[in-house]
Amino acid sequence: MGRSFLYLLSFFAWTMATLAGCGAGGSGFGAPGGGAGTSQDRPQVVQQSAGSQFVEFSLPSATSAPFGITEGPDGNPWFTEQAAGKIGRILYTGVIAEYTLTHSGSSPAVITNGPDGNLWFTETAGNRIGKITTAGAISEFTLSNANAKPQGICSGPKNALWFTTTAANTIGEITTSGTVTQFSIPTAAANAQFITEGPDGNLWFTETAVNKVGRMSFNGKFAEFKIPTAASAPGQVIASGSYLYFVETAGNKLARVSTSGAFTEYANTWANALQSLATASSSSLAVLGTAGVQTFSTSSHTFTQPLPPPAGTGFLLSPEGDANVWFTQNTAGKIGVYVLRVQTATPSAINFTAIGETQTFTVKEQNYTGTFTASSSNSAVTTVTASGTNAFTASAAGPGNATITVQDTSHNSSPITVTVTTTNINIQSNTAHNRAGP
């Protein structure tokens, strides 16, 4: 997939699915029931030659244990922090906001978009389903069966939210007004984890403890399908095209199941215990494992070599509006980005030795045919104008240092460093010296 070029640019203010949520993409602040938001400064991510296809955003607490992540209705990534008991949001510029849940120790897990324009999430330890608006208001709904341990959640039939419970062994429905109905899974102690709406309009979920994939209609009719590989420990499941795909966390396989329950398993050619997956394109999936991120072609059924991410186990990939894949790094307390659209500016550094000099640079980006814009951080040092579809001209305006940032229409950007140096002669000093001569 080629190398991406990333680094962390100077500080900007920041106040950042579907493992977090349903399907390929997806999978709350203040009153009522919400905590106050906290913010602090973080760097903005831009692409630059660093030989890596990843970038990280550190959360304020390294032990917050981010887990679920999804693209919210506002177009920004939203995520849960299990250990910190918070819901977070990150802008593409790196601006992060965190919002504390009312009840401590709730362990928010999976998060998804709801049909009402809000985000919904499970609270595994708190035994609640939560809702958060993009304006920051949190509401929570307690389940009637104690210690049910809700886990996965997604939007689905009847304009409702659907969730799994690992301890109560149910599939639950919650309306946007908070009314809950639960349906018992036929197989006891199934440990249902993740859930998504399938292309057939039914709910599909993985049963980790009994090595099955389940299907349920909106009125509670179940079907369960045994996975061919024994003890495969099925994990995240998503819908892609006319199939369901899920990871076999114990078998290092990616599996596909049709809506009639027919399985096809694909052994990973690389040692990479798979944990989560997301749609990367119309013909590929991104999969994340202990050895890094890979892509899987849904047409040729082949895996690419793993690209090791930064430190910290990652969970819950989610494709985002910047055409890249965002994921949580649960053990590192970070949000990671796997860049799919590699952008390159040539040259990446410009040195001027005189005012008025000019230099043309070009920008290219994989899988992108749109337009670019460019701006200077200091017009007193350098200005920039467009000189073609993907070409720009920088001009030296004055001595100093500046950065020109080139950006596409989806938040991906590249920096060009500019240095302007001039040779100054102190004529007044020389004249005074001559007059003081013998």
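Author: Strands here are DSSP runs of type E with at least two residues, while helices are runs of H or I with at least four, and both are numbered from the N terminus. Ser 240 has its place in strand S21. The model is a predicted one, in which local features need pLDDT of at least 70 and side-chain atom pairs count only at pLDDT 80 or more, whereas totals for chains, interfaces and linings use all residues. Residues are numbered from 1 along each chain as its sequence is written, and side-chain values use heavy atoms, with hydrogens and water left out.

Is Ser 240 buried or exposed? Its relative accessibility is 14%, so Ser 240 counts as buried (buried means under 20% relative accessible area, exposed over 50% and partly exposed in between, with a 1.4 Å probe and protein chains only). Leaving aside residues up to four places away in sequence, Ser 240 touches Tyr 245, Thr 279 and Leu 285 (contact means heavy atoms within 4.5 Å).

Leu 285 stands opposite Phe 296 in S27, and strand S26 (residues 284-289) pairs with S27 in the antiparallel sense over six bridges (two strands pair if DSSP finds at least two bridges between them). The open sheet has three strands in the order S25-S26-S27, with antiparallel pairing. Strand S25 (274-281) and strand S27 (292-297) are its edge strands, each pairing on one side only. On average, neighbouring strands of this sheet are turned by 25° against each other, direction ignored (axes are lines fitted to C-alpha atoms, for helices over the stretch in contact, and angles run from 0 to 180 degrees between N-to-C directions).

Strand S21 also takes part in a pocket. Which strands each supply at least two residues of the lining of the largest pocket? They are S17, strand S21 (234-240), S25 and strand S28 (314-319). On a 1 Å grid over the protein atoms alone, a pocket is an open set of points with protein on both sides within 12 Å along at least five of seven lines, a cavity is a set where a 1.4 Å probe fits but cannot get out, and lining residues have an atom within 4 Å of a point. The volume of the largest pocket is about 190 Å³ (grid points are joined across faces, edges and corners, and a volume is the space filled by probe spheres set on the points). Its lining has 14 residues, of which Phe 194, Gly 235, Thr 249, Gln 275 and Phe 315 are the closest to the centre.

From S17 one may turn to Ala 190. Ala 190 is found in the loop between strand S16 (180-184) and strand S17 (192-197). With 0% relative accessibility, Ala 190 counts as buried. Not counting residues up to four places away in sequence, Ala 190 touches Asn 169, Ile 185, Glu 207, Thr 208, Ala 209 and Val 210. Between Ala 190 and Asn 211 there are 8.3 Å in space, C-alpha to C-alpha, although the two are 21 residues apart in sequence.

Strand S13 (residues 150-156) is largely enclosed by the rest of the structure, because seven of its seven residues are buried. Five bridges join S13 to strand S14 (residues 160-165), and the two run antiparallel. Within this pair, Ser 155 stands opposite Leu 161 in S14. The hairpin of S13 and S14 has three residues between the strands, and there Lys 158 takes a positive phi near 65°.
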